[in-house]
Amino acid sequence: MKVVTLLAAVDETKCNGDKRCQRICPAGAIRVEAGLASVDPERCVACGKCVDVCTEEAVRLNVRPEPRILAVDVAAADPARVEEICRKAHCRPALQICACTGTEAREVAAAILGGAKSPEDLVLMTGIGSGCGIYCMGVVFRLLDAAGVRVPEDPRWHPLSLSLWDVPDELARKYPDYYLDEDRKVLSG
Ligand code: SF4
Ligand code: SF4
């Protein structure tokens, strides 16, 4: 869950239309048309990535007139399916997979069951990825994969990143000092 209190805004006098912001926005909220960027307030999750990449200092975050809440009702989703998706993705359902927003694996699974078809959908439905977006997105891809959702190619997202479960058992046993098996057990629950 995330409460969005800020909103990106573009200074048209500074924007050069190079699309750096559009290429990084995890929510598809900022788009460049006719050489000028503009923000969709219904989609902006105030991650600040557009501010970071803009070389012209053309974007800033202002306070929203009304906060926007991004949250999924996990209780409304089929608990057995939520559990199944999480387990298949090697996550405990209550595992906090995003340190920035506190989003749990079961929230993402519930959002997928609620119709999310892409990382972008999940950002908008749960708020995940609206912080640093570094550590959570690999797990997001695992959860989408576990639910059988194929993500279309998009330069904003990297394909499935390697995780603990990609290390062959034989290799984990060969290097016990890395405690890979123990880590797997802790994370899977
Ligand atoms: S990154 Fe900055 S200059 Fe480039 S299109 Fe976006 S707002 Fe305009
Ligand atoms: S703050 Fe984040 S979500 Fe909002 S327009 Fe910028 S990159 Fe997109």
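A crossing of two helices is left-handed if the near helix is turned anticlockwise from the far one by less than a right angle, and right-handed if it is turned clockwise. The legends below concern a predicted model, in which local features need pLDDT of at least 70 and side-chain atom pairs count only at pLDDT 80 or more, while totals for chains, interfaces and linings use all residues. Residues are numbered from 1 along each chain as its sequence is written, and chains are lettered from A and ligands numbered from 1 in the order in which they are written.

**View 1. Helix H3 against helix H4.** H3 (residues 79-88) passes H4 in a right-handed crossing, where helices (H or I, at least four residues) and strands (E, at least two) are DSSP runs numbered from the N terminus. The contact, which counts residues whose C-beta atoms, placed from the backbone, lie within 7 Å, joins Arg 81, Val 82, Ile 85 and Cys 86 of H3 to residues of H4 including Ala 105, Arg 106 and Leu 113. By class, this contact has eight nonpolar, no polar and two charged residues, where Ala, Val, Leu, Ile, Met, Phe, Trp, Tyr, Cys and Pro count as nonpolar, Asp, Glu, Lys and Arg as charged, and the others, Gly among them, as polar.

**View 2. Helix H4 against helix H6.** Helix H4 (residues 105-113) and helix H6 (residues 136-146) pack at an angle of about 45°, with their axes 10 Å apart, the axes being lines fitted to C-alpha atoms over the stretch in contact and the angles running from 0 to 180 degrees between N-to-C directions. H4 is therefore oblique to H6, since angles under 35 degrees count as roughly parallel, over 145 as roughly antiparallel, 65 to 115 as roughly perpendicular and the rest as oblique. Ala 105, Val 108, Ala 109 and Ile 112 in H4 meet Val 139, Val 140, Leu 143 and Leu 144 in H6, and this contact has eight nonpolar, no polar and no charged residues.

**View 3. The surroundings of ligand 1.** Ligand 1 is surrounded by 15 residues, of which the closest are Cys 15, Arg 20, Cys 21, Ala 37 and Cys 54; a residue is near a molecule if its C-beta atom, placed from the backbone, lies within 6 Å of it. The shell holds nine nonpolar, two polar and four charged residues.

Key:
Two residues are in contact if their C-beta atoms, placed from the backbone, lie within 7 Å.
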